[in-house]
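Here is a friendly note to keep beside you as you look around for the first time. Take the points in any order you like.

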Amino acid sequence: METEILARIQFAFTIAFHYIYPPLSIGLGLTMVFMEGMYLKTGNKQYEVLTRFWLKIFAITFGIGVATGIIMEFEFGTNWAVYSKYVGDIFGSALAAEGLFAFGLESAFLGILLFGWNRVSPKVHFISTIGVFLGSMFSAVWIVVANSWQQTPAGYHIVGEGFNARAEVTDFWAMVFNPSSVDRIIHVWQGAFLAGAFLVLSVHAYYLLNGRYVEISKKAFKIALGIATIFSLTQLLSGHSSADGVAVNQPAKLAAMEGHYEVSAPADLYLFGWVNNQTQEVTGLKLPGGLSFLVHQDFEEPITGLNAFPNDEIPGQVNAVFQFYHIMISIGMFLIALTLYASFLWWRGNLFEQKWLLKIFAFSVLLPQIANQAGWFAAEMGRQPWIVYGHLRTSEGFSQEVSSNQILFSLIMFFIVYTLLFLLFLYSVNKKIKHGPYDETKTPNEFLKFV
Amino acid sequence: METILGLDYPTLWYLVVGLLFSGYAILEGFDYGAGAWHLFFKKDLSRRIAINAIGPLWDANQVWLIIGGGALFAGFPVMYATLLSSMYIPFMLFLMLLVLRSSAIKFRSAEEMIWWRKTWDIIYFVSNTLISFLLGVVLANVLQGLEIGENYSYKGGMFFSFLNPYAIMVGLTSLSLFMTQGAIFLLLKTEGRLYVRLTFLLKKGMIFFLVSFAATSLYTLVFLPGVTDKFREFPVFFVIPVLAFLAVANIPRLVSKKQYAYALIFSSLTMAFLLMLVAFQLYPVLLPSKISPEYSVTIYNAASSQKSLGIMLTIVAIGSPLLAGYFLFLYKTFHGKVKLDDTSY
């Protein structure tokens, strides 16, 4: 039991830490593609300065993402040996595709992106930027396919028994396009775009508030605001579509997300609340029948509740699933309101006069990050007690031969190194932001002469 | 069982994994090797040049580890799960050192303070040295076999059993081979006094390699049971050790003629031939059991299904020309001696 808990804590800690970085890389990649594209299109050096500036922050983010990602790849084997044997045949092809198609593209072009400014033409450099961006998008595809298969297995059959049981592929495309893949890939991509766009918004809002780099900050802010507005809206659609899928494929998870216990009754939609698992009651602000309406477009239609399932087939932490899910939704709604209002002001032409709004944007960088993390916690805790939904329990999936002392040792090691890494990340990104895109004292708007 | 060119799918995938591990050893060999010389360079500028010699390449080289690990997981899930969970401590150390090494490359030159750079220099040197050593240690443990029981469960020691005498010897051999590879690579990338210093260091590295290689080979032949059996059975494969020894002997010859590009090719070939030797000797076993041969992990009891292997072989057939293209483009772009500029580490 103790080994299982420690293995779970270690996995949750290392994956949550890892997941700070790849979404930022994907989102910053998209923003840089627009910035560098504008540079090539208009020839305005300001866009080149912006691209080079964000590239520096991208480099740190990407680097930590890769380093912490390699750990994830091997942690399946070290801590989840039974699970690895069970899913190897399925994950195998996804991982092979990810390595060859995504990481190869990404890492080879990364060298040119970071160090190739003076060695290749601007066009080839732009192609490298696109290459790295696409590579990071592809790698998100394959890992989300693998995770979605755990949520909604398809295109497989089970061979063997007990510890030698395992899933084998019967239909590759059915496995790749399992019922939840497409919704979840789009949801993850958009979450990543928002994480990157809001970092750009935050930094340039900070510059604008301090009256620094005003002209280029306005340009960058508009690019990022465009991305942020579009994708906060479409994120609502993909979130809805994803939840519809959960209702069909993982009813116990959906019930936990809204704290719905009754076997079959219309289900409410909570704005916020607190679930008491003992009394099976939720205290909070609700729209009666709201969940029924979202799923079936009818306030009276019954939804299967947690009590309809055997006790050992529902998530143990209902309140946690509920809270994580609602944090994600609330942030999503707030981001829609914020970006729509800002876009409205942009259209009116007085966006940059609203100090209070820029202040909100300066702090808003944390919101998509929190939403991304909360969303994953809701998705993974909502799948419990299963590691592969309906087939393999989390309590059966960990490495039986690894001792709790070994995990304690590695967990402490991870904790120390990751704390150090996080501080270094904050320190160096902060330093780059403070230093700014160019030296104001030595080269006041030097690039402007090229315009 | 379906076959291509007379080879069944697990055997083909065994070759793919072997190829990926060889690529990883060759490419990251010079990365780690260059890092294992780091504290032998005294001046800050020399250290910066040494890091920037691998600067644009190491991230791409590391992809070979990611793909190699993925290929093992994909094709031989039982081997991946058994090896990693049995050798928990060395792999966790290896992963942690990889993180520290990446951080050192990224952050070392980001600040001017002497204490900052010195601290990262030590972290960089230690992590590269220990990674090179640990890779050999893991290989030695695979060669010797582990205490694998029924259902591939590990019955051996938890914390320090991986550090046995043979493992230490193979660890030193891999470290010295990487250092040789790294020094030759740096010679291709540097000029002036650092270049002169490296010609001196490379000689020390080669001596270190030849001594540990000879000792390890002798120990292997005397103490590891059955290592020569396969060659009696298939004498034709005796060509592999012969080629390995010729490649090893060729390195000092080319170095003395200052033909470093060819020397790099032959030290790379050395790694490839030595890994081939290991692969041939083990085949079809992946991880021998010390408890009983029937518990050993082999390419057949560890393999994914025919269908899955078939899909992956297709992916490899499509993906590897792409990967080769990216690498050619990358290495062509950064060909030649290191020039520091504002984008350098």
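1. A word on the source. This is a predicted model, in which local features need pLDDT of at least 70, side-chain atom pairs count only at pLDDT 80 or more, and totals for chains, interfaces and linings use all residues. Residues are numbered from 1 along each chain as its sequence is written, while chains are lettered from A and ligands numbered from 1 in the order in which they are written.

2. Chain B overall. You will find 12 helices and 4 strands in chain B; helices (H or I, at least four residues) and strands (E, at least two) are DSSP runs, numbered from the N terminus. The radius of gyration of chain B is 20 Å, close to the 20 Å that the globule rule gives for 345 residues, so chain B is as compact as a globular protein of that length. That radius is taken over C-alpha atoms, and the globule rule is 2.2 Å times the number of residues to the power 0.38. Along the principal axes, the C-alpha atoms of chain B fill a box of roughly 60 × 40 × 40 Å.

3. Burial in chain B. Of the 345 residues in chain B, 54% are buried. Here a residue is buried if 20 or more other C-beta atoms lie within 10 Å of its own, exposed if 12 or fewer, and partly exposed in between, with C-beta atoms placed from the backbone.

4. Where the chains meet. The contact takes 61 residues from chain B and 59 residues from chain A; two residues are in contact if their C-beta atoms, placed from the backbone, lie within 7 Å. On the side of chain B that touches chain A, α12(B) gives the most, with 15 residues. By class, this side of chain B has 39 nonpolar, 18 polar and 4 charged residues. Ala, Val, Leu, Ile, Met, Phe, Trp, Tyr, Cys and Pro count as nonpolar, Asp, Glu, Lys and Arg as charged, and the others, Gly among them, as polar.

5. Helix α4(B). How many residues of α4(B) are buried? The count is 10 of its 10 residues, among them B:Pro77, B:Tyr80 and B:Ser86. These buried residues pack against α3 (45-79) and α4 (81-115) of chain A, together with α3, α5, β3 (285-287) and β4 (297-298) of chain B.

6. Helix α10(B). At 1.5 Å a residue, the 18 residues of α10 (residues 239-256) of chain B should span 26 Å, and its end C-alpha atoms are 26 Å apart, which agrees; the expected span is 1.5 Å times one less than the number of residues. Its buried residues are B:Ala244, B:Val248, B:Ile251 and B:Val255. An α-helix has 3.6 residues a turn, so residues three or four places apart point the same way. What covers the buried residues of α10(B) includes α7 (165-189), α8 (192-223) and α11 (260-282) of chain B.

7. Two cis peptide bonds to look at. One joins B:Tyr283 and B:Pro284, with omega about 0°, and B:Pro284 lies in the loop between α11 and β3 of chain B. Another joins A:Gln384 and A:Pro385, again with omega about 0°.

8. Positive phi in chain A. A:Gln297 has a phi near 55° and sits in the loop between α10 (290-296) and β6 (302-304) of chain A. Is A:Gln297 buried or exposed? With 8 C-beta neighbours inside 10 Å, A:Gln297 counts as exposed.
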